[in-house]
Amino acid sequence: SLPPMIGRSFVEAENAEHIASPDTIRIMQWNILAQSLAEKSDKFVCPEEALHWNHRRWRILEEVLTYGADIICLQEVDHYNFLKATLGKVGFQGCFFPKPDSPCCYNKGNNGPDGCAIFFDASKYTLLRIEQKVLEVFRCQSNQVVVMCTFQRKLDNRKFCVVTTHLKARVGALLPTLRNEQGKDLLQFVKNNNSQNLPVIYAGDFNAEPSEPVYRTMIQLGEVSSSYAMVNPDEREPEYTTWKVREDGEVCHTIDYIFYSRNNFTPERVLSMPSGEQLGEGRAPSLAYPSDHFSLCCDLRLL
Ligand code: NDP
Ligand code: CA
């Protein structure tokens, strides 16, 4: 007897032209919370039942399917086969790239490494190419990865790229620099693999607040804009994209983004974050929401 899933609504940009026009690509970004980390590493203060895979998997599917996204970028995927099988039944195809030394694998009873995945609605898009890379920091491999898919839209044969990543987590003096180096390597990788200069969407858990160097690197070096900020009249990011209570305290901040190459798209609407009231004292994960990160979802009009 699970409570109903938390209800969320879309917020329109002021200049949004149409509702659900076929020109728009609906993209979802979500760190789904690896099952192995949820059970063994994260130390969330929440009902133990909320962490059972038997509940969480249906809640994850529910969230992924509820908002009708065309393309879904996921991090902390340690049950790719489950998602591939279930989403496959409703017309999605996908790809997965694990982290080289996933912390999931150090936990008893793990289901393999976690990594990044991209799923897409195969009735609307053709997957032309997949590129994957272990991100480098000062020319040394790190434990973080990037996945880049090139798609062709069946509607009008237009092509674009979708890139996802999950940058290094944690707080510490050198970590913002490390994430910034990963961001620079990611942009170089995309540039090397996008000789046609196709429009690009970058969706990921950057593990960095907007004040961190990697955010500015994306905006300036990557020549992108951030969907959620651009739909907001004051051009600010949401107050949080993750909100959790761990044994050592509450964490509530913005570290997940959907960026787009700024000359190629207009963001038309974004899915609002659940309110503190909706989440309740225990925040997330909970029986009503399966991850400590909330999904981001955005309609991007291809110009
Ligand atoms: P990261 O620092 O990037 O973090 C990995 C995961 O931990 C992320 O998914 C992150 O989630 C989550 N996380 C962040 N903060 C916390 C927290 N306070 N408590 C619990 N989980 C948190 O790690 P790396 O990928 O760089 O890998 C860590 C390395 O540690 C591996 O290379 C592995 O060798 C080693 N390791 C060793 C273990 C052992 O038993 N010997 C156990 C685990 C790891 P989010 O992005 O949502 O913040
Ligand atoms: Ca996590």
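Met28 is buried, as 24 other C-beta atoms lie within 10 Å, a count to be set against the threshold of 20 or more for a buried residue. The model described here is a predicted one. Met28 belongs to strand S2, which comprises residues 24-31. Beyond its neighbours within four places in sequence, Met28 is in contact with Val64, Tyr67, Ala69, Ile72, Cys73, Ser295, Leu296 and Cys297. One of these contacts, Ser295, is 267 residues away from Met28 along the chain, yet the C-alpha atoms of the two residues are separated by 6.7 Å.

Eight of the eight residues of S2 are buried, so the strand is largely enclosed by the rest of the structure. Thr24, Arg26, Met28 and Trp30 point one way from S2, whereas Ile25, Ile27, Gln29 and Asn31 point the other way; residues of both sets are buried. S2 pairs with strand S15 (296-302) in the antiparallel sense, over six bridges. Within this pairing, Leu296 of S15 is the bridge partner of Gln29. S2 is also joined to strand S3 (residues 71-77) by five bridges, and these two strands run parallel. In S3, Ile71 stands opposite Ile27.

Ile27 also features in the largest nonpolar core, which holds 72 residues; Ile27, Val162 and Ile201 touch the most other members of this core. Strand S7 gives the most to the core, contributing six residues. Apart from residues up to four places away in sequence, Ile201 touches Ile27, Phe160, Val162, Val163, Ile258, Tyr260 and Leu300.

Helix H5 spans residues 213-220, and its buried residues are Val214, Tyr215, Thr217 and Met218. Viewed down the axis of H5, these buried residues fall within an arc of 160 degrees, so they line one face of the helix. The elements against which the buried residues of H5 pack are helix H4 (175-192), strand S9 (200-205), strand S10 (224-226) and strand S13 (256-261).

Ligand 1 is surrounded by 15 residues, of which the closest are Asp101, Pro103, Tyr106, Asn143 and Ala169. By residue class, the shell around ligand 1 consists of seven charged, four polar and four nonpolar residues.

Several backbone features occur in loops. Asn157 is not a glycine, yet its phi is positive, at about 65 degrees. Asn157 lies in the loop that connects strand S7 (140-153) and strand S8 (159-166). With 8 C-beta neighbours inside 10 Å, Asn157 counts as exposed, the limit for that class being 12 or fewer.

Arg283, likewise not a glycine, has a positive phi of about 55 degrees. Arg283 is situated in the loop between H7 and S15. In contrast to Asn157, which counts as exposed, Arg283 is buried, with 22 other C-beta atoms within 10 Å. The loop between helix H7 (276-279) and strand S15 also contains Pro285. A cis peptide bond, with omega of about 5 degrees, joins Pro285 to Ala284.

Terms used. Residues numbered from 1 in each chain as written. Chains lettered and ligands numbered in written order. Predicted model: local features only at pLDDT ≥ 70, side-chain atom pairs only at ≥ 80, totals over all residues. Helix = DSSP H or I, 4+ residues; strand = E, 2+ residues; numbered from the N terminus. Arc of directions from axis to C-beta. Contact = placed C-beta atoms within 7 Å. Near = placed C-beta within 6 Å. Nonpolar A, V, L, I, M, F, W, Y, C, P; charged D, E, K, R; others polar. Core = buried A, V, L, I, M, F, W, Y, C linked by C-beta atoms within 7 Å. Pairing = 2+ DSSP bridges.
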